[in-house]
Amino acid sequence: MKFFIDTANLDQIREAQNLGVLDGVTTNPSLMAKEGITGRNNILKHYVDICNIVDGDVSAEVIATDYEGMIKEGEELAELHPQIVVKVPMIKEGIKAIKYFSDRGIKTNCTLVFSAGQALLAAKAGATYVSPFIGRLDDISTDGLNLISEIRLIYDNYGFETQILAASVRHTMHVIECAKLGSDVMTGPLSSIEGLLNHPLTDIGLAKFLADYKKGN
Ligand code: E4P
């Protein structure tokens, strides 16, 4: 299972990268705005800065919602760096754009996916990644993890190569459940990755080992 971090914060990206388990980064316009990155040139530079920190795929989202606009913007993003994955919203024009990029070997991440039908369409169009937003489904009393199992079943039935990227992950249990369900990737905050470290018995056990060592030395 690949671990992506869902942030545009360079310090957090560095911290996750230094842990040695990071496979990529996802961003979105809200995450860029949260870091105060505004203006086209600054945004493009920030994507390159992120690519220079991590080894894996970095999703950069198009702002245009019309086909021509998405193609123009996506091609510009893809030319920025070989690690860039063009993030395209799950709308009709977006599906056409994903097909266009896929035919030309440009990697894509179909974002804002909330149903199995949408995920099926994204795979048919040749998306590299599909991003079901599980946390936002949970927020409206709908089982986000169930969507992961539905998509896994459909993709396995037909051998679709589109990778399931569980997005809007909020906490460690989302990560663990997504791993159990066979999600190819998860993207979440640094806390959802670092939280996997925690167990009180580990802390108690380590303290005892160190105390016993000190008694004899
Ligand atoms: C996915 O790529 C999105 O950036 C993200 O996971 C959205 O998460 P949120 O629902 O926590 O905003």
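Helix H4 (residues 67-80) lies across strands E3 (57-61) and E4 (84-89), at about 160° to E4. Angles run from 0 to 180 degrees between N-to-C directions, and axes are lines fitted to C-alpha atoms, for helices over the stretch in contact. The model is a predicted one, in which local features need pLDDT of at least 70 and side-chain atom pairs count only at pLDDT 80 or more, while totals for chains, interfaces and linings use all residues. Residues are numbered from 1 along each chain as its sequence is written, and side-chain values use heavy atoms, with hydrogens and water left out. Helix H5 (residues 92-103) lies across E4 and strand E5 (108-113), running at about 155° to E4.

These strands belong to a closed barrel of 8 strands with parallel pairing, in the order E1-E2-E3-E4-E5-E6-E7-E8. From one strand to the next, the twist averages 30°. Strands count as paired if DSSP finds at least two bridges between them; E1 (residues 2-6) and E2 (residues 24-26) run parallel and are joined by 3 bridges. Aspartate 6 has threonine 26 of E2 as its bridge partner.

Aspartate 6 returns in the largest pocket, where Asp6, Thr7, Asn28, Leu31 and Pro189 lie nearest the centre among 24 lining residues. A pocket is an open set of points on a 1 Å grid over the protein atoms alone, where a 1.4 Å probe fits, with protein on both sides within 12 Å along at least five of seven lines; lining residues have an atom within 4 Å of a point. Helix H2 (29-34), E5 and strand E8 (185-188) each give two or more residues to this lining, and H2 gives the most, with 3. The space in the pocket is about 370 Å³, taken as that filled by probe spheres set on the points, which are joined across faces, edges and corners.

Histidine 46 is found in helix H3 (residues 40-53) and counts as buried because its relative accessibility is 7%, the cut-offs being under 20% for buried, over 50% for exposed and in between for partly exposed (1.4 Å probe, protein chains only). Leaving aside residues up to four places away in sequence, histidine 46 touches Ala8, Leu10, Met32 and Ile37, contact meaning heavy atoms within 4.5 Å. Glycine 205, in helix H11 (residues 200-216), is partly exposed at 24% relative accessibility.

Definitions and conventions
Helices (H or I, at least four residues) and strands (E, at least two) are DSSP runs, numbered from the N terminus.
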